[in-house]
Amino acid sequence: MQTVLFLQHVLNGLLAGTYYLLIALGLSLIFSLGGIVNLAHGAFYAIGAYCTVVLSPSIGFGGSIVAAPALVGILGVMIERTLFRRFYKADPSLSLILTFGLAMVAEQLLRMIFGAAPLSFSIPSELRGQLFVGTFIYPYYRVLVLAVAAACVGGLWFLLQRTAFGRVVRAGVQSPDMVGALGISLEPYMAAVAFLGVGLAGLAGVMLAPIFSIHPAMGNDIITAAFVVVVIGGLGSFWGVVVAALIVGLVKGLVVAFGFPQFSEAAMYLLMLLVLLIRPRGLFGERIQRFE
Amino acid sequence: MPDLAVLSRRRLLGGAGAVGTLTITGFPAISYAQADTIKIGHLTPRTGFLGTLGEYAVQAVDLAVEEINAAGGVMGRKIDLIKEDSVNPQTASTKAERMVERDKVACIVGEISSASGLTISQVADRTKTLFVNTGCNSDELRGKGCKKFMAHVESANSMYVKTVGRALLAQDLVKGKRWFSLTADYAFGHDLLRVAKRFMEANGGQFAADKLVPTDATDFSALLLEIRTAKPDLVVSNLAGLQITNFLKQYSEFGLDFPVAGFGFDTAVAWGAGKGNFFGTWPLVWHHLIDTPGSKAFVAAFTKKYNKPPENQAWGDYIAMKILAQSMNEAKSTEAAKLIEHWEKGAKFDLLKTRPGYFRAWDHQLMHEMYAVEALKASELKNQWDIYRPSPPIPGANEDLEAIAPTREENACSFA
């Protein structure tokens, strides 16, 4: 019986890792291309969740899965065009201050518009219920989150590795000056990456709104974990983020399995410390000249 | 040699703008009230972990002062409220000190975090300023940490436990039963767990498991798997604030059907869980369905002003301000020592419930009725606010109000 419970914890941990994955992918993407440490990423996640609550009564939860990330993505492009672009060549600490301020403004705006109390939102009735495999249990909704996260990973990988768009973005990550010298303007690519990265945060907000509490500071609940994932995975590494997210989820699950739930949050920081001590670049971190 | 080109006009303007914004938002509140007003400081967390409840507290205290001033004020003087976000224990202490030393407030009202409440109480004790604690529930603060110049509205953790405990005894969920408890891993949770365990053991229950949960944990799935495997007779929540919302949503998601009870609760966190995600038995110091003229008038006034009904934390801060105004009028003084003397002599207050309450002389804890509400099923809900079945007051009409209060042995307090 204990072995079964342990296996459940392993699988559940991997599943939980997909939440961090949705957030961390966008965070990593924006940092990789523009060097922006986006502390406002959690705020975009919160805005995604609030959009879901507002939009769902009229267009349904299914409609929100498409519309909310798109709206948040457009907001991301607007912020990229007006603010981020001024900081691409600046000291990263400046963009850190900018995005920290943005996060506070966004949180306070949500508080002013919607109030500080959590907003009521549930899993749509057609997605409720649990899948039982032997003694294992999976709520249908978490299976959907897993499917959406897997689709995002697959789609993003295809976009970055198999399309002309991806080639320019990857080249831009490694050597923006050379891309410019070849006559390619990175500006539209930067905007597109902001749309994708911020949109992914919005999508995470939509997917987690039915199971997490929706409140103005909800971004803070998850942004630190997302940063830990990006650091463990290695800056600039797509698969690094994917693997790190699953490892973080797994480690947190195992800490509970071994009877120490109070240390489940601390465990991921310990993991980060270990990875940084042994491999400062992160698990799959690439050597990127301008970040060295 | 600095690179002057870097300091462009645009950057300079940007910097000036940022400084301007800070000036507007970041500076402390300054009161320009006339000397003939009575200044009262209100400190409570308005952001962060407990900000949800703090918002209700601020809205309610504003309403109370508005009503008091509209009715002629206190001893003919208007109340001038100075409100601040208490943020954390250190900031709470600094702001309390500033309210006392610079703003010369007659007293400080508010707070929800037991840790911040402790630091405010130290300032109050040192400066002999009255502090009326509205929402810090720990028995530690209200018992061992009690202070001559501090009084407590709402209830101590042990009062919440005894209130829900009665309902659990009636449902036969204690004697010989196995409890699985989840506890918020900080001062409040530990205190609640201690008194909950005392109740459980005294009544013949035992733990199937007893787990601490970090306050910043959002995903309860691993703990839900543990609960499912342990098959307890009762799942007990000693969680706090938004942890409860996350727990309720995910417990429902996993479709677990073990009975649930909580020993700490605020209605706002259940309102935020969503339809079909609220179940179990929970304690409340007050709720918006209480059928008394006073409560109905409060609910109507609050709803008219804020477009939503008040919840328990709103009642705590509203009633604290009303008690203060009444006491100042009756004692004909704003001096802390006179007000405390008035309370220790057994002054009675209308608490919008079926019978009046009073501050117990030896620990300054408000003696009042509480409630153990039971969640309605999703099919029974008529609107988004009335999510539980109102309970009769606890203690019952024939019992002493002190029946659920901590005894001297349970919660030693000495003002010496």
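This is a predicted model: local features need pLDDT of at least 70, side-chain atom pairs count only at pLDDT 80 or more; totals for chains, interfaces and linings use all residues.
Local features need pLDDT of at least 70 and side-chain atom pairs count only at pLDDT 80 or more, while totals for chains, interfaces and linings use all residues; side-chain values use heavy atoms, with hydrogens and water left out. Residues are numbered from 1 along each chain as its sequence is written, and chains are lettered from A and ligands numbered from 1 in the order in which they are written.

The interface was examined first. In total, 41 residues of chain B are in contact with 43 residues of chain A, where contact means heavy atoms within 4.5 Å. The size of an interface is often given as the accessible area lost when the parts come together. Here the two chains bury about 3400 Å² between them. Of this area, 53% is on carbon and sulfur atoms. Buried area is the accessible area (1.4 Å probe) that two parts lose on being put together, summed over both.

Polar links also cross the interface. Between chain B and chain A, 19 residue pairs are in polar contact, both residues at pLDDT 80 or more. A polar contact is a pair of N or O atoms within 3.5 Å; within protein, one must be able to donate a hydrogen and the other to accept it, and residues adjacent in sequence count only if both atoms are side-chain atoms. Two salt bridges are found across the interface. A salt bridge is a side-chain nitrogen of Lys or Arg within 4 Å of a carboxyl oxygen of Asp or Glu. B:Glu253 pairs in this way with A:Arg142, with the closest N and O atoms 2.8 Å apart. On chain B, the side that touches chain A draws at least two residues from each of helix 2 (51-70), strand 7 (206-213), helix 8 (221-230), helix 9 and helix 10 (267-271). Helices (H or I, at least four residues) and strands (E, at least two) are DSSP runs, numbered from the N terminus. By class, this side has 13 nonpolar, 16 polar and twelve charged residues. Ala, Val, Leu, Ile, Met, Phe, Trp, Tyr, Cys and Pro count as nonpolar, Asp, Glu, Lys and Arg as charged, and the others, Gly among them, as polar.

B:Asn246 lies in helix 9 (residues 242-253) of chain B. B:Asn246 is buried, at 3% relative accessible area. Buried means under 20% relative accessible area, exposed over 50%, and partly exposed in between (1.4 Å probe, protein chains only). Residues up to four places away in sequence aside, B:Asn246 touches A:Ile211, A:Phe212 and A:Ser213 in chain A, and B:Ala217, B:Thr218 and B:Phe220 in chain B.

Over all chains, the whole structure holds 28 salt bridges. One of them joins B:Arg126 and B:Glu97, with the closest N and O atoms 2.7 Å apart. This pair links distant parts of the chain, 29 residues apart: B:Arg126 is in helix 4 (residues 114-127) and B:Glu97 in helix 3 (residues 89-101) of chain B. B:Arg126 is exposed at 53%, whereas B:Glu97 is partly exposed at 27%. A second pair, B:Arg194 and B:Asp191, meets at 3.2 Å, N to O. These two residues are separated by about one helical turn because they stand three residues apart in helix 7 (residues 187-202) of chain B. B:Arg194 is partly exposed at 39%; B:Asp191 is buried at 5%. In chain A, a network of salt bridges links A:Glu80, A:Arg81, A:Arg85 and A:Glu187.

Strand 1 (residues 38-44) of chain B runs parallel to strand 3 (residues 107-110), joined by four bridges. Strands pair if DSSP finds at least two bridges between them. B:Leu43 stands opposite B:Gly110. Strand 1 also pairs in the parallel sense with strand 2 (residues 79-85), over seven bridges. There, B:Gly41 has B:Ile82 as its bridge partner. Seven of the seven residues of strand 1 are buried, so the strand is largely enclosed by the rest of the structure.

B:Glu311 occupies the loop between helix 11 (293-306) and helix 12 (312-331) of chain B. B:Glu311 is buried, at 1%. Its side chain reaches the backbone nitrogen of B:Ala268 at 2.9 Å. The backbone nitrogen of B:Gln313 lies 2.6 Å from a polar atom of the B:Glu311 side chain.
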